[in-house]
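The following account leads the reader through a structure, from its chains to selected residues. Please keep the sequence and the coordinates in view while reading.

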Amino acid sequence: MTELAAEKAPVVTAERTGVINWDSLPRRMMVIYVPLILFLLTLLFPFYWMVITAFKPNAELYNFTDYSPFWVSSPTLEHINRLLFQTDYPRWLWTTMVVAVSSTVLSLFVSVLAAYAVQRLRFKGSQWVGLAIYLAYLVPPSILFIPLATMIFKMGLYDSPLALILTYPTFLVPFCTWLLIGYFKSIPYELEECALIDGATRLQIMWKVTLPLAVPGLISAGIFAFTLSWNEFIYALAFIQSSEKKTVPVAVLTQLVEGDVYHWGSLMAGALLGSIPVALIYSFFVDYYVSSLTGAVKE
Amino acid sequence: MASAATVWDGRRPEQSWLSRKLDDRRVLAALFMLPVAALLFTFLSYPLGLGIWLGFTDTRIGRDGIWIGLENYIYLFEDSVFWLSVFNTIVYTVLATVLKFALGLWLALLLNHHLPFKSLIRAIVLLPWIVPTVLSAIAFWWIYDPQFSIISYVLKGMGIIDTNIDFLGEPWNARLSLIAANVWRGIPFVAISLLAGLQTISPSLYEAAMIDGATAWERFVHVTVPMLMPILAVVLTFSVLLTFTDFQLVYAITRGGPNNATHLMATLAFQRAIPGGYLGEGAAIAVAMIPFLVASTIFSYVALARRKWQQGGRDD
């Protein structure tokens, strides 16, 4: 949009005030493309480094003089092999998947009902409830994990994935509800009124009119919830003790380091494999993701 | 038409008591709010209160504590490690936030131009935000390796340094390394959010400014920045909140070392509470973060209110 403005610039100002012509190619190269490419390279480099390390044989990994560190001469699957067959990695992946999917489903169910009640049923004081849910999002896990740990222990859920499934919604639900309130707001209320006049009950309206229209919103809330629970760290670190029940982020950090020996190849392979599920989901839904991320911020 | 009118008697078909109740707006609203209320009260409000209470007790792992008043806080007040963690948290938050916003705004301005491969670029930009923090932190851990750091290798190759940089062994090196990793992870969110803000600015404002003879810099200062202010304030609040309470990055890369030099309040709370077993003391450290969080939330609310006022809207 600024481009549109910039194109018209020379007509008005170029001759008199000497405004620089932004469309000249060399200048455009210098002020836009060069910094942009530097940004992209910096943002991508750690991933490149992760991938290259995961496939490097140890001989190359620790020898920068004979091999260029930026490339793999003879790629190996040794690290990935070790990860998959000599550690509990597949189980960690499975646990993480179960926890992430269960807490996402639970959060979506709770959030849809809450968002619908706040935005569409509009009871007395519903805007305050909306504000309270927004405030709940501002309570960070860093100050909740200690009291939650004592509660989890008393409830007998310590060292059980159920502890994570029940506590993750505390940060998922506020966010999803907030996002869905915004999404429901964008669905014309007239559609519901029509259905009401046609004699549909409120439950039917929600189930057959509003929810089908809200599917994109539900998808983005679901992706957010899934990625957030996949990435969660502090609760999983505090509430789970036995190795085989850990989630991927915690397990990679605590189980793959044996004493002082860092198996960098396996560590990087673990980080890489653990990133793939979220990266895949995200790449399919990047447009939903961006629009809801920015939409939620603008709300 | 006349026959239709005789068939429809103007009333809904008779319903059972249950379905009538379910169709009542207030009953349904109460029913729909029930799960969220139960969940948030049990696992959010209650633990928040419990945490504040724990801060006044000497609870340890496996043993219920008794009320000891301000003893934890008095102990922390004289604890130099606690004050070091407060100092670190503030340095970490301020430096990382300033850098994130300066670079993020720059990136947003770059992305706001007409570019080829727009969606590919956007996907790349968001990648650091998507990937689990701990897993990318492990990549940084390896990048900061004292012996095999790629940064040291490149700088040595360019003849800038002679010996490897000890990224995580020296207090200030370690702090700055963590800040760099945090900035790297935070830029995407700032850039994409601000880009959305930039795209809502009407081009006619820029045209008007140009007709008045404003230079590019003047247009940026007098049009872009004020128009971006509301969204900037919201993103800033979130970013400050997340950075201030950050735990994962520090725990993954340094675990508070070397010699407690990089402990943030969150990591110190964890250290004292879970491996250390002093739940009461850990809770007190966590509670000490609350005043900062409240301050930034109020800032957010004021900024939001101001935004509505600017747009001529009313509170809803």
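Of the 299 residues of chain A, 44% count as buried; a residue is buried if 20 or more other C-beta atoms lie within 10 Å of its own, exposed if 12 or fewer, and partly exposed in between, with C-beta atoms placed from the backbone. This is a predicted model, in which local features need pLDDT of at least 70 and side-chain atom pairs count only at pLDDT 80 or more, while totals for chains, interfaces and linings use all residues. Residues are numbered from 1 along each chain as its sequence is written, and chains are lettered from A and ligands numbered from 1 in the order in which they are written.

Chain A contains 16 helices and two strands; helices (H or I, at least four residues) and strands (E, at least two) are DSSP runs, numbered from the N terminus. Two residues are in contact if their C-beta atoms, placed from the backbone, lie within 7 Å. Among the contacts in chain A with a separation of 6 or more, 75% involve residues 24 or more positions apart. The domain assignment divides chain A into domain 1 (2-54) and domain 2 (87-298), with bounds that come from an automatic or database domain assignment. Four residues of domain 1 of chain A meet six residues of domain 2 of chain A. On the domain 1 side of chain A, the residues touching domain 2 of chain A comprise three nonpolar, one polar and no charged residues. In this classification, Ala, Val, Leu, Ile, Met, Phe, Trp, Tyr, Cys and Pro count as nonpolar, Asp, Glu, Lys and Arg as charged, and the others, Gly among them, as polar.

Chain B, in turn, has 15 helices and zero strands. Its radius of gyration is 27 Å, well over the 20 Å that the globule rule gives for 316 residues, so chain B is more spread out than a compact globule; the radius is taken over C-alpha atoms, and the rule is 2.2 Å times the number of residues to the power 0.38. The C-alpha trace of chain B spans about 95 × 70 × 35 Å along its principal axes. Buried residues account for 41% of the 316 residues in chain B. Of the contacts in chain B between residues at least 6 apart in sequence, 67% join residues at least 24 apart.

Where the two chains meet, 83 residues from chain A and 81 residues from chain B take part. Helix 2 (residues 25-54) of chain A supplies the largest share of the chain A side, namely twelve residues. By class, that side of chain A has 61 nonpolar, 18 polar and four charged residues.

How many residues does the largest nonpolar core have? It has 160 residues, and those with the most contacts inside it are A:A114, A:C176, A:M268, B:I138, B:A191 and B:I253. Such a core is a set of buried Ala, Val, Leu, Ile, Met, Phe, Trp, Tyr and Cys residues joined through C-beta atoms within 7 Å. Domain 1 (2-54) and domain 2 (87-298) of chain A both give residues to this core, so it lies between them. Leaving aside residues up to four places away in sequence, A:M268 touches A:M50, A:T53, A:A54, B:A139 and B:W142.

B:D23 is found in the loop between helix 2 (17-22) and helix 3 (25-54) of chain B. B:D23 is partly exposed, with 18 other C-beta atoms within 10 Å, and it touches A:T201 and A:R202, not counting residues up to four places away in sequence. A:D159, in the loop between helix 7 (141-154) and helix 8 (161-167) of chain A, has a phi near 65°, a positive value in a residue other than glycine. B:F117 lies in the loop between helix 5 (80-111) and helix 6 (118-130) of chain B and has a positive phi near 55°. With 9 C-beta neighbours inside 10 Å, B:F117 counts as exposed. Most residues other than glycine have a negative phi.

Confidence remains to be considered. The predictor gives the complex an ipTM of 0.83 and a pTM of 0.84. Chain A averages a pLDDT of 82, with 87% of the residues scoring at least 70; pLDDT is the predictor's confidence in each residue, from 0 to 100. Over residues 1-20 of chain A the pLDDT is below 50, and this stretch has 28 contacts in the model beyond near neighbours in sequence. The mean pLDDT of chain B is 84, and 90% of its residues reach 70 or more. Where pLDDT is low, the predicted coordinates should not be read in detail.
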